[in-house]
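Reader: I'd like to learn how to read helix packing and ring pairs in a model. Can you walk me through it?

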Amino acid sequence: MNLHQFRFVREAVRQNYNLTEAAKALYTSQPGVSKAIIELEEELGVEIFTRHGKRVRSLTEPGRIILEVESLKRIGKDYAAQDQGNLTIAATHTQARYSLPAAVAEFKKRFPKVRLSILQGNPTQVAEMVLHDQADLAIATEAISSYKDLVSLPCFQWHHVAVVQPDHPLLEKRSLTLEDLAQYPLITYDPAFAGRAKINHAFALRNLTPDVVLEAIDADVIKTYVELGLGVGLMADIAYNAERDKNLRVIPAGHLFGSNLTRLALKQGAYLRSYVYTLVELLSPTLSRKLIEQALRGEHENYEL
């Protein structure tokens, strides 16, 4: 077993299972590539590719796991140390600030030797982090479900709320309307974040033009400027805490903008250490290890909450 064999396997996948093109890219012969792959399969005792006749068609499940040399190293480390290693989470600010803390705190109690890192970015950035192996999983509301090389699973639903100062006139309304909101300057998320598209769509359907005076990438900024009296904030309900946000009041707005779904994304074919499954289950108890493994194999693609 040697690195050249793994390079041949990796290049065959990159070239859409065309061994002739893989050979050209590696400046070698097609029979040489084919022979190296067969020898590796014989040494490992598993088939790396499915075949139709002599033509390579796709990766087998074992093939997905052993595709990268690094994956093999990680598998070995798992058997040697089930309770230690590295775990990197990519998340938007709202998820990192409000969704993750409870799960992370419990996770660290169970796995104190795991080095945990949290990277922040917009939904597109956190998806790219997983795709480029900078993070093990991503958590966001938008974008991550649109990548074909990511397995996207639902975590939890949330709704928008309006946040205002304690003496704001909107608190006297029995039920908030879009027309009510259109009368005030609004502070809400940047278009790339947290259901902003649904806000825009709702106003457009009623032929209303909201006066958005400030766009932010996180709820803390929204709340800060609402407290300063710049306008009415529209943000995720998970970002409001009555004890912490004593200078603000909240008004339900889910009936205006609908529900939003926070998703968790993993890279297709990824090898996950046991503790990754634990973290996912802490984030969303409905996501069992069995369900995650099925999703990584291409099953349950349409699973929803």
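Reader: At what angle do the axes of helix H12 and helix H13 cross?

Author: Quick caveats: the model is predicted, so local features need pLDDT of at least 70 and side-chain atom pairs pLDDT 80 or more, while totals for chains, interfaces and linings use all residues. Residues are numbered from 1 along each chain as its sequence is written, and side-chain values use heavy atoms, leaving out hydrogens and water. Two packed helices are described by the angle between their axes and the distance between the axes. Here H12 (residues 274-283) and H13 (residues 289-296) have axes that come within 10 Å and cross at roughly 110°. H12 and H13 are therefore roughly perpendicular (65 to 115 degrees).

Reader: Which residues make the contact?

Author: Contact means heavy atoms within 4.5 Å. H12 brings Ser-274, Tyr-277, Val-280 and Glu-281, and H13 brings Arg-289, Ile-292, Glu-293 and Leu-296.

Reader: And the rings: how many aromatic pairs does the structure hold?

Author: Rings of Phe, Tyr and Trp (its six-membered ring) pair if their centres lie within 6.5 Å; planes under 30 degrees apart are stacked, over 60 edge-to-face, the rest tilted. The structure holds 5 such pairs. Tyr-17 and Phe-49 are edge-to-face, 5.9 Å centre to centre with 80° between the planes. They sit 32 residues apart, Tyr-17 in the loop between H1 (3-14) and H2 (19-25), Phe-49 in strand S1 (residues 49-52).

Conventions: Axes are lines fitted to C-alpha atoms, for helices over the stretch in contact, and angles run from 0 to 180 degrees between N-to-C directions. Helices (H or I, at least four residues) and strands (E, at least two) are DSSP runs, numbered from the N terminus. Angles under 35 degrees count as roughly parallel, over 145 as roughly antiparallel, 65 to 115 as roughly perpendicular and the rest as oblique.
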